[in-house]
Amino acid sequence: MTKKFNFDVTATDGRARTGVISTPRGEIRTPAFMPVGTAATVKAMLPESVRATGADILLGNTYHLMLRPTAERIARLGGLHRFMNWDRPILTDSGGFQVMSLAGLRKLTEEGVTFKSHIDGSRHALTPERSMEIQALLGSDIVMAFDECTPFPSDEATARRSMELSMRWARRSREAFGDRPGHALFGIQQGSVYRDQRQESADKLREIGFDGYAIGGLAVGEGQATMFEVLEYAPAMLPEDRPRYLMGVGKPDDIVGAVERGIDMMDCVLPSRSGRTGQAFTRFGVVNIRNARHQDDPRPLDEHCTCPACRNYSRAYLHHVNRAQEIIASMLLTWHNLHYFQELMQGLRDAIAEGRLAAFVSDFHARRAEGDI
Ligand SMILES: O=c1[nH]cnc2c(CCNCC3CCCCC3)c3[nH]c(NCc4cccs4)nc3cc12
(Lines give C-alpha, C1' and ligand atoms only; values in the text may rest on other atoms or scores of the structure.)
Protein backbone atom coordinates (compact mmCIF):
# COMPACT_ATOMS: atom_id res chain seq x y z
CA MET A 1 0.00 0.00 0.00
CA THR A 2 1.26 3.45 -0.77
CA LYS A 3 2.09 5.70 2.15
CA LYS A 4 1.39 8.77 -0.01
CA PHE A 5 -1.54 10.41 -1.73
CA ASN A 6 -1.25 10.31 -5.54
CA PHE A 7 -3.44 10.95 -8.57
CA ASP A 8 -2.60 9.33 -11.91
CA VAL A 9 -4.65 10.12 -15.02
CA THR A 10 -4.58 6.93 -17.10
CA ALA A 11 -6.62 8.07 -20.13
CA THR A 12 -8.45 11.09 -21.50
CA ASP A 13 -11.26 11.53 -24.02
CA GLY A 14 -11.83 15.20 -24.84
CA ARG A 15 -11.85 17.03 -21.52
CA ALA A 16 -12.89 13.87 -19.65
CA ARG A 17 -10.26 11.89 -17.69
CA THR A 18 -10.12 8.52 -16.05
CA GLY A 19 -7.53 7.64 -13.45
CA VAL A 20 -6.69 6.40 -9.97
CA ILE A 21 -6.24 8.23 -6.68
CA SER A 22 -3.89 6.19 -4.49
CA THR A 23 -4.20 6.56 -0.72
CA PRO A 24 -2.77 4.53 2.18
CA ARG A 25 -6.26 3.05 2.69
CA GLY A 26 -6.80 2.02 -0.91
CA GLU A 27 -7.32 3.22 -4.46
CA ILE A 28 -10.16 5.37 -5.80
CA ARG A 29 -11.07 4.84 -9.46
CA THR A 30 -12.04 8.09 -11.16
CA PRO A 31 -14.40 9.43 -12.24
CA ALA A 32 -15.79 8.44 -8.85
CA PHE A 33 -19.17 8.78 -7.18
CA MET A 34 -18.95 9.03 -3.39
CA PRO A 35 -21.95 7.76 -1.38
CA VAL A 36 -22.84 9.94 1.58
CA GLY A 37 -22.41 8.38 5.02
CA THR A 38 -24.03 11.14 7.05
CA ALA A 39 -24.03 10.03 10.70
CA ALA A 40 -21.32 7.37 10.30
CA THR A 41 -23.63 5.23 8.23
CA VAL A 42 -24.85 5.07 4.66
CA LYS A 43 -28.50 4.88 5.65
CA ALA A 44 -30.10 1.42 5.25
CA MET A 45 -26.81 -0.13 4.10
CA LEU A 46 -24.11 -2.24 5.76
CA PRO A 47 -20.57 -1.11 4.83
CA GLU A 48 -19.92 -4.40 3.02
CA SER A 49 -23.05 -3.78 0.95
CA VAL A 50 -21.84 -0.29 0.05
CA ARG A 51 -18.55 -1.85 -1.06
CA ALA A 52 -20.47 -4.46 -3.07
CA THR A 53 -22.13 -1.68 -5.08
CA GLY A 54 -18.61 -0.68 -6.25
CA ALA A 55 -17.88 2.30 -4.02
CA ASP A 56 -14.17 2.96 -3.35
CA ILE A 57 -14.71 5.92 -0.99
CA LEU A 58 -17.43 7.27 1.32
CA LEU A 59 -18.30 10.71 2.58
CA GLY A 60 -18.29 11.42 6.31
CA ASN A 61 -20.17 14.36 7.74
CA THR A 62 -18.36 16.72 10.08
CA TYR A 63 -21.44 18.71 11.14
CA HIS A 64 -23.45 15.71 12.36
CA LEU A 65 -20.53 13.86 13.93
CA MET A 66 -19.18 16.88 15.83
CA LEU A 67 -22.58 17.22 17.50
CA ARG A 68 -23.20 13.53 18.04
CA PRO A 69 -21.31 11.45 19.19
CA THR A 70 -18.56 14.20 18.98
CA ALA A 71 -15.26 13.88 17.14
CA GLU A 72 -13.38 13.41 20.43
CA ARG A 73 -15.45 10.31 21.29
CA ILE A 74 -14.90 8.84 17.80
CA ALA A 75 -11.16 9.50 18.15
CA ARG A 76 -11.10 7.77 21.54
CA LEU A 77 -12.82 4.79 19.92
CA GLY A 78 -10.18 4.51 17.19
CA GLY A 79 -11.39 6.93 14.53
CA LEU A 80 -14.24 6.98 12.03
CA HIS A 81 -13.02 4.05 9.90
CA ARG A 82 -13.00 1.74 12.92
CA PHE A 83 -16.18 3.23 14.34
CA MET A 84 -18.25 2.63 11.20
CA ASN A 85 -16.39 -0.50 10.02
CA TRP A 86 -15.26 0.99 6.69
CA ASP A 87 -11.51 0.52 6.13
CA ARG A 88 -11.28 2.20 2.72
CA PRO A 89 -10.86 5.95 2.04
CA ILE A 90 -13.21 8.46 3.64
CA LEU A 91 -13.59 12.09 2.55
CA THR A 92 -15.08 14.37 5.19
CA ASP A 93 -16.70 17.68 4.43
CA SER A 94 -15.70 20.70 6.52
CA GLY A 95 -19.08 21.12 8.23
CA GLY A 96 -19.57 24.63 6.83
CA PHE A 97 -22.19 23.77 4.24
CA GLN A 98 -24.42 21.91 6.67
CA VAL A 99 -24.17 24.50 9.40
CA MET A 100 -25.70 26.94 6.91
CA SER A 101 -28.49 24.56 5.96
CA LEU A 102 -29.25 22.71 9.21
CA ALA A 103 -28.17 24.64 12.29
CA GLY A 104 -30.13 27.33 14.09
CA LEU A 105 -29.14 30.81 15.29
CA ARG A 106 -26.05 31.07 13.12
CA LYS A 107 -23.58 33.94 13.44
CA LEU A 108 -20.98 34.25 10.66
CA THR A 109 -17.85 36.37 11.24
CA GLU A 110 -14.32 36.52 9.85
CA GLU A 111 -13.40 34.00 12.56
CA GLY A 112 -15.95 31.38 11.48
CA VAL A 113 -19.51 30.38 12.35
CA THR A 114 -21.18 29.97 15.73
CA PHE A 115 -24.49 28.10 15.81
CA LYS A 116 -27.03 26.18 17.85
CA SER A 117 -27.17 22.42 17.50
CA HIS A 118 -30.34 21.24 15.70
CA ILE A 119 -30.22 18.24 18.05
CA ASP A 120 -30.14 19.76 21.55
CA GLY A 121 -29.78 23.52 21.09
CA SER A 122 -26.23 23.60 22.52
CA ARG A 123 -23.94 26.28 21.11
CA HIS A 124 -20.95 25.40 18.92
CA ALA A 125 -18.28 27.14 16.85
CA LEU A 126 -16.77 26.08 13.55
CA THR A 127 -13.64 27.84 12.31
CA PRO A 128 -11.08 26.66 9.74
CA GLU A 129 -8.86 25.57 12.61
CA ARG A 130 -11.61 23.71 14.50
CA SER A 131 -12.80 22.05 11.28
CA MET A 132 -9.27 20.77 10.59
CA GLU A 133 -9.05 19.50 14.18
CA ILE A 134 -12.39 17.68 13.93
CA GLN A 135 -11.51 16.08 10.57
CA ALA A 136 -8.15 14.97 12.00
CA LEU A 137 -9.89 13.47 15.05
CA LEU A 138 -12.21 11.58 12.69
CA GLY A 139 -9.13 10.31 10.83
CA SER A 140 -10.45 11.09 7.35
CA ASP A 141 -8.17 10.51 4.36
CA ILE A 142 -9.36 13.51 2.35
CA VAL A 143 -10.08 16.69 4.33
CA MET A 144 -12.11 19.59 2.90
CA ALA A 145 -11.13 23.19 3.54
CA PHE A 146 -13.58 25.27 5.57
CA ASP A 147 -15.47 27.46 3.12
CA GLU A 148 -18.66 29.38 2.63
CA CYS A 149 -20.89 28.12 -0.18
CA THR A 150 -21.97 31.34 -1.88
CA PRO A 151 -25.77 31.37 -2.13
CA PHE A 152 -27.39 31.49 -5.59
CA PRO A 153 -28.30 33.98 -6.88
CA SER A 154 -25.77 36.47 -5.56
CA ASP A 155 -24.86 39.79 -7.16
CA GLU A 156 -21.21 40.25 -8.14
CA ALA A 157 -20.24 42.24 -5.05
CA THR A 158 -21.83 39.70 -2.66
CA ALA A 159 -20.27 36.79 -4.50
CA ARG A 160 -16.86 38.48 -4.39
CA ARG A 161 -17.03 39.14 -0.64
CA SER A 162 -18.03 35.51 -0.08
CA MET A 163 -15.31 34.12 -2.34
CA GLU A 164 -12.63 36.27 -0.73
CA LEU A 165 -13.71 35.13 2.74
CA SER A 166 -13.50 31.50 1.59
CA MET A 167 -10.01 32.12 0.20
CA ARG A 168 -8.84 33.55 3.55
CA TRP A 169 -10.39 30.50 5.22
CA ALA A 170 -8.66 28.26 2.67
CA ARG A 171 -5.27 29.61 3.71
CA ARG A 172 -6.14 29.17 7.41
CA SER A 173 -7.31 25.61 6.63
CA ARG A 174 -4.01 24.86 4.88
CA GLU A 175 -1.97 26.26 7.80
CA ALA A 176 -4.02 24.40 10.42
CA PHE A 177 -3.91 21.13 8.43
CA GLY A 178 -0.12 21.08 8.60
CA ASP A 179 1.86 18.30 7.01
CA ARG A 180 0.09 14.93 7.26
CA PRO A 181 1.67 12.36 4.90
CA GLY A 182 -0.91 10.06 3.35
CA HIS A 183 -3.69 12.52 4.10
CA ALA A 184 -4.95 15.08 1.59
CA LEU A 185 -6.41 18.54 1.91
CA PHE A 186 -8.70 19.81 -0.87
CA GLY A 187 -9.36 23.50 -1.51
CA ILE A 188 -12.77 24.68 -2.74
CA GLN A 189 -13.22 27.16 -5.61
CA GLN A 190 -15.98 29.70 -5.24
CA GLY A 191 -17.00 32.69 -7.37
CA SER A 192 -20.61 31.78 -8.12
CA VAL A 193 -21.39 32.21 -11.85
CA TYR A 194 -18.80 34.97 -12.42
CA ARG A 195 -15.92 33.82 -14.62
CA ASP A 196 -13.42 36.42 -13.38
CA GLN A 197 -14.13 35.48 -9.77
CA ARG A 198 -13.81 31.76 -10.55
CA GLN A 199 -10.39 32.53 -12.09
CA GLU A 200 -9.26 34.60 -9.09
CA SER A 201 -10.41 31.86 -6.72
CA ALA A 202 -8.57 29.16 -8.69
CA ASP A 203 -5.38 31.26 -8.80
CA LYS A 204 -5.55 31.87 -5.04
CA LEU A 205 -6.06 28.16 -4.28
CA ARG A 206 -3.18 27.21 -6.58
CA GLU A 207 -0.92 29.74 -4.81
CA ILE A 208 -1.83 28.24 -1.41
CA GLY A 209 -1.37 24.71 -2.83
CA PHE A 210 -3.75 21.79 -2.28
CA ASP A 211 -3.75 18.03 -2.97
CA GLY A 212 -7.07 18.33 -4.82
CA TYR A 213 -9.48 21.04 -5.86
CA ALA A 214 -13.25 21.14 -5.43
CA ILE A 215 -15.71 23.27 -7.35
CA GLY A 216 -18.15 24.69 -4.82
CA GLY A 217 -21.06 27.06 -5.11
CA LEU A 218 -22.87 24.96 -7.73
CA ALA A 219 -25.91 22.66 -7.58
CA VAL A 220 -27.47 25.27 -5.31
CA GLY A 221 -30.51 26.12 -7.44
CA GLU A 222 -28.87 27.64 -10.52
CA GLY A 223 -30.21 24.85 -12.74
CA GLN A 224 -28.35 22.42 -14.98
CA ALA A 225 -27.87 24.79 -17.91
CA THR A 226 -26.18 27.43 -15.75
CA MET A 227 -24.13 24.80 -13.93
CA PHE A 228 -22.88 23.43 -17.25
CA GLU A 229 -22.06 26.97 -18.43
CA VAL A 230 -19.75 27.39 -15.42
CA LEU A 231 -18.33 23.89 -15.98
CA GLU A 232 -17.41 24.92 -19.53
CA TYR A 233 -14.54 26.97 -18.04
CA ALA A 234 -14.11 26.34 -14.28
CA PRO A 235 -12.47 22.85 -14.24
CA ALA A 236 -9.67 23.90 -16.60
CA MET A 237 -8.78 26.75 -14.21
CA LEU A 238 -7.70 24.11 -11.68
CA PRO A 239 -4.43 22.11 -11.86
CA GLU A 240 -4.96 19.30 -14.36
CA ASP A 241 -2.75 16.82 -12.46
CA ARG A 242 -4.89 17.00 -9.34
CA PRO A 243 -8.38 15.56 -8.71
CA ARG A 244 -11.30 17.89 -9.43
CA TYR A 245 -14.32 17.36 -7.12
CA LEU A 246 -17.72 18.83 -8.03
CA MET A 247 -19.61 19.11 -4.74
CA GLY A 248 -23.20 17.98 -4.35
CA VAL A 249 -23.76 16.56 -7.84
CA GLY A 250 -26.08 15.01 -8.76
CA LYS A 251 -28.71 13.40 -10.94
CA PRO A 252 -27.34 10.86 -13.47
CA ASP A 253 -27.46 13.35 -16.35
CA ASP A 254 -25.70 15.98 -14.18
CA ILE A 255 -22.97 13.41 -13.47
CA VAL A 256 -22.51 12.52 -17.14
CA GLY A 257 -22.31 16.19 -18.15
CA ALA A 258 -19.85 16.97 -15.36
CA VAL A 259 -17.55 14.08 -16.31
CA GLU A 260 -17.60 15.21 -19.96
CA ARG A 261 -16.37 18.61 -18.72
CA GLY A 262 -13.40 17.26 -16.74
CA ILE A 263 -14.78 16.40 -13.27
CA ASP A 264 -13.20 13.44 -11.41
CA MET A 265 -15.20 13.14 -8.16
CA MET A 266 -18.79 13.83 -7.11
CA ASP A 267 -21.02 13.32 -4.09
CA CYS A 268 -24.80 13.48 -3.74
CA VAL A 269 -27.45 12.35 -1.27
CA LEU A 270 -29.83 11.66 -4.19
CA PRO A 271 -29.43 7.88 -4.68
CA SER A 272 -29.77 7.11 -0.97
CA ARG A 273 -32.32 9.77 -0.01
CA SER A 274 -34.57 9.17 -3.04
CA GLY A 275 -34.24 5.39 -2.52
CA ARG A 276 -35.90 5.84 0.84
CA THR A 277 -38.77 7.75 -0.77
CA GLY A 278 -39.38 5.04 -3.39
CA GLN A 279 -37.57 6.61 -6.36
CA ALA A 280 -35.52 4.08 -8.34
CA PHE A 281 -32.97 5.19 -10.94
CA THR A 282 -32.70 2.98 -14.01
CA ARG A 283 -31.02 3.27 -17.40
CA PHE A 284 -34.49 4.09 -18.82
CA GLY A 285 -35.22 6.87 -16.32
CA VAL A 286 -36.79 7.11 -12.87
CA VAL A 287 -39.32 4.58 -11.58
CA ASN A 288 -41.50 5.75 -8.69
CA ILE A 289 -42.30 2.43 -7.11
CA ARG A 290 -45.11 3.93 -4.99
CA ASN A 291 -47.20 4.39 -8.12
CA ALA A 292 -50.20 2.01 -8.20
CA ARG A 293 -49.30 0.85 -11.73
CA HIS A 294 -46.54 -1.32 -10.21
CA GLN A 295 -48.71 -3.29 -7.76
CA ASP A 296 -49.25 -6.30 -10.03
CA ASP A 297 -46.04 -6.06 -12.03
CA PRO A 298 -44.01 -9.29 -11.68
CA ARG A 299 -40.98 -7.84 -13.52
CA PRO A 300 -37.87 -6.52 -11.75
CA LEU A 301 -37.16 -2.79 -11.61
CA ASP A 302 -34.56 -3.19 -14.35
CA GLU A 303 -34.08 -6.62 -15.96
CA HIS A 304 -30.49 -5.69 -16.94
CA CYS A 305 -29.53 -4.81 -13.36
CA THR A 306 -27.60 -7.37 -11.27
CA CYS A 307 -28.30 -5.83 -7.84
CA PRO A 308 -30.11 -7.93 -5.17
CA ALA A 309 -33.33 -5.92 -5.59
CA CYS A 310 -33.50 -6.60 -9.34
CA ARG A 311 -32.26 -10.19 -9.10
CA ASN A 312 -34.69 -11.36 -6.43
CA TYR A 313 -37.74 -9.10 -6.24
CA SER A 314 -40.63 -7.91 -8.42
CA ARG A 315 -41.87 -4.36 -8.79
CA ALA A 316 -45.06 -5.61 -7.12
CA TYR A 317 -43.07 -6.63 -4.04
CA LEU A 318 -41.08 -3.37 -3.94
CA HIS A 319 -44.34 -1.45 -4.32
CA HIS A 320 -45.88 -3.41 -1.45
CA VAL A 321 -43.02 -3.05 1.06
CA ASN A 322 -42.69 0.62 0.20
CA ARG A 323 -46.41 1.28 0.75
CA ALA A 324 -46.25 -0.77 3.96
CA GLN A 325 -43.20 1.31 5.01
CA GLU A 326 -41.24 -1.85 5.68
CA ILE A 327 -37.54 -1.36 6.48
CA ILE A 328 -36.56 -3.68 3.61
CA ALA A 329 -38.03 -1.12 1.18
CA SER A 330 -35.29 1.38 2.09
CA MET A 331 -32.63 -1.33 2.02
CA LEU A 332 -33.51 -2.63 -1.45
CA LEU A 333 -34.05 0.71 -3.21
CA THR A 334 -30.97 2.27 -1.63
CA TRP A 335 -28.89 -0.72 -2.68
CA HIS A 336 -30.33 -0.56 -6.22
CA ASN A 337 -29.72 3.18 -6.61
CA LEU A 338 -26.15 3.08 -5.31
CA HIS A 339 -25.50 0.08 -7.58
CA TYR A 340 -26.92 2.00 -10.56
CA PHE A 341 -24.80 5.10 -9.81
CA GLN A 342 -21.65 2.99 -9.48
CA GLU A 343 -22.48 1.10 -12.67
CA LEU A 344 -22.85 4.47 -14.44
CA MET A 345 -19.41 5.52 -13.13
CA GLN A 346 -17.87 2.22 -14.32
CA GLY A 347 -19.45 2.77 -17.73
CA LEU A 348 -17.98 6.27 -17.90
CA ARG A 349 -14.51 5.07 -16.80
CA ASP A 350 -14.52 2.30 -19.43
CA ALA A 351 -15.80 4.61 -22.19
CA ILE A 352 -13.10 7.22 -21.47
CA ALA A 353 -10.39 4.51 -21.32
CA GLU A 354 -11.53 3.20 -24.72
CA GLY A 355 -11.99 6.62 -26.33
CA ARG A 356 -15.72 6.15 -26.91
CA LEU A 357 -17.22 8.61 -24.41
CA ALA A 358 -19.30 10.44 -27.04
CA ALA A 359 -21.01 7.18 -28.06
CA PHE A 360 -21.61 6.26 -24.41
CA VAL A 361 -23.19 9.66 -23.70
CA SER A 362 -25.49 9.63 -26.72
CA ASP A 363 -26.58 6.07 -25.85
CA PHE A 364 -27.16 7.18 -22.23
CA HIS A 365 -29.46 10.01 -23.37
CA ALA A 366 -31.22 7.97 -26.09
CA ARG A 367 -32.36 5.32 -23.58
CA ARG A 368 -33.84 7.70 -21.05
CA ALA A 369 -37.47 8.71 -21.09
CA GLU A 370 -38.26 12.05 -19.54
CA GLY A 371 -40.18 11.81 -16.24
CA ASP A 372 -41.34 8.68 -14.45
CA ILE A 373 -41.52 5.36 -16.26
O1 LIG B 1 -19.67 25.19 -2.10
C2 LIG B 1 -19.78 24.19 -1.38
N3 LIG B 1 -18.95 24.02 -0.31
C4 LIG B 1 -19.06 22.96 0.51
N5 LIG B 1 -19.98 22.01 0.35
C6 LIG B 1 -20.88 22.12 -0.69
C7 LIG B 1 -21.89 21.13 -0.83
C8 LIG B 1 -21.99 19.94 0.12
C9 LIG B 1 -21.45 18.70 -0.59
N10 LIG B 1 -21.93 17.48 0.07
C11 LIG B 1 -21.56 17.35 1.45
C12 LIG B 1 -22.24 16.16 2.09
C13 LIG B 1 -21.59 15.88 3.42
C14 LIG B 1 -22.24 14.70 4.10
C15 LIG B 1 -23.73 14.90 4.27
C16 LIG B 1 -24.42 15.26 2.97
C17 LIG B 1 -23.75 16.41 2.24
C18 LIG B 1 -22.82 21.27 -1.86
N19 LIG B 1 -23.91 20.53 -2.18
C20 LIG B 1 -24.47 21.13 -3.26
N21 LIG B 1 -25.59 20.70 -3.86
C22 LIG B 1 -26.38 19.59 -3.31
C23 LIG B 1 -27.26 20.08 -2.22
C24 LIG B 1 -27.60 19.38 -1.11
C25 LIG B 1 -28.47 20.10 -0.26
C26 LIG B 1 -28.78 21.33 -0.73
S27 LIG B 1 -27.98 21.61 -2.22
N28 LIG B 1 -23.78 22.21 -3.65
C29 LIG B 1 -22.73 22.33 -2.78
C30 LIG B 1 -21.73 23.30 -2.66
C31 LIG B 1 -20.80 23.19 -1.59
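**Figure 1. Thr 334 in helix α14 of the predicted model.** In this predicted model, Thr 334 is found in helix α14, which spans residues 327-353. Thr 334 counts as buried because its relative accessibility is 0%, where the cut-off for that class is under 20% relative accessible area. Once the neighbours within four places in sequence are left aside, Thr 334 is in contact with Lys 43, Ala 44 and Met 45, and also with Ser 272, Gly 275 and Arg 276.

Figure 2. The phi of Ala 44 is near 75 degrees, a positive value in a residue other than glycine, and with a relative accessible area of 35% Ala 44 is partly exposed. Asn 85 is placed in the loop between α4 (80-84) and β7 (90-92), and its phi, near 60 degrees, is likewise positive in a residue that is not glycine. At 49% relative accessibility, Asn 85 counts as partly exposed, since that class ends where exposed begins, at over 50%. As background to this view, most residues other than glycine have a negative phi.

**Figure 3. The surroundings of Asp 141.** Asp 141 lies in the loop between α6 (128-138) and β11 (142-144), and at 2% relative accessibility Asp 141 counts as buried. A polar atom of the Asp 141 side chain lies 2.8 Å from the backbone nitrogen of Ile 90. Not counting residues up to four places away in sequence, Asp 141 touches Arg 25, His 81, Arg 88, Pro 89 and Ile 90, together with Gly 182, His 183 and Ala 184.

Figure 4. Strand β2 (residues 16-23) pairs with strand β3 (residues 26-30) in the antiparallel sense, over five bridges. The two strands are joined by a hairpin through two residues, and Thr 23 stands opposite Gly 26 in β3. Pro 31 is found in the loop between β3 and β4, and the peptide bond that leads from Thr 30 to Pro 31 is cis, with omega near -5 degrees.

**Figure 5. The cis peptide bond at Pro 153.** The peptide bond from Phe 152 to Pro 153 is cis, and its omega is near -5 degrees. Pro 153 has its place in the loop between β11 and α7 (156-177). In general, most peptide bonds are trans.

**Figure 6. The largest cavity.** The structure holds one cavity of 30 Å³ or more, and the volume of the largest cavity is about 40 Å³. The elements that give two or more residues to the lining of this cavity are β4 (32-34) and α14. The lining is made up of Arg 29, Ala 32, Phe 33, Gly 54, Ala 55, Asp 56, Ile 57, Gln 342 and Arg 349, and by class it has four nonpolar, two polar and three charged residues.

**Figure 7. The largest pocket.** About 760 Å³ of space lies in the largest pocket. Of the 35 residues that line this pocket, Phe 97, Gln 98, Gly 248, Asp 267 and Val 269 are the closest to its centre. At least two lining residues are supplied by each of β6 (58-60), α5 (96-102) and α11 (270-277), and the largest share, five residues, comes from α5. The lining of the largest pocket divides into 15 nonpolar, 13 polar and seven charged residues.

**Figure 8. The second largest pocket.** The second largest pocket holds about 220 Å³ of space. Its lining consists of 13 residues, of which Asp 253, Val 286, Arg 368, Ala 369 and Glu 370 lie nearest the centre. The elements α10 (252-260), β16 (279-282) and β17 (285-288) each supply at least two residues of this lining. By class, the lining of the second largest pocket divides into four nonpolar, four polar and five charged residues.

Key:
Residues are numbered from 1 along each chain as its sequence is written. This is a predicted model: local features need pLDDT of at least 70, side-chain atom pairs count only at pLDDT 80 or more; totals for chains, interfaces and linings use all residues. Side-chain values use heavy atoms; hydrogens and water are left out. Helices (H or I, at least four residues) and strands (E, at least two) are DSSP runs, numbered from the N terminus. Buried means under 20% relative accessible area, exposed over 50%, partly exposed in between (1.4 Å probe, protein chains only). A polar contact is a pair of N or O atoms within 3.5 Å; within protein, one must be able to donate a hydrogen and the other to accept it, and residues adjacent in sequence count only if both atoms are side-chain atoms. Contact means heavy atoms within 4.5 Å. On a 1 Å grid over the protein atoms alone, a cavity is a set of points where a 1.4 Å probe fits but cannot get out, and a pocket is an open set with protein on both sides within 12 Å along at least five of seven lines; lining residues have an atom within 4 Å of a point. Grid points are joined across faces, edges and corners, and a volume is the space filled by probe spheres set on the points. Ala, Val, Leu, Ile, Met, Phe, Trp, Tyr, Cys and Pro count as nonpolar, Asp, Glu, Lys and Arg as charged, and the others, Gly among them, as polar. Two strands pair if DSSP finds at least two bridges between them.
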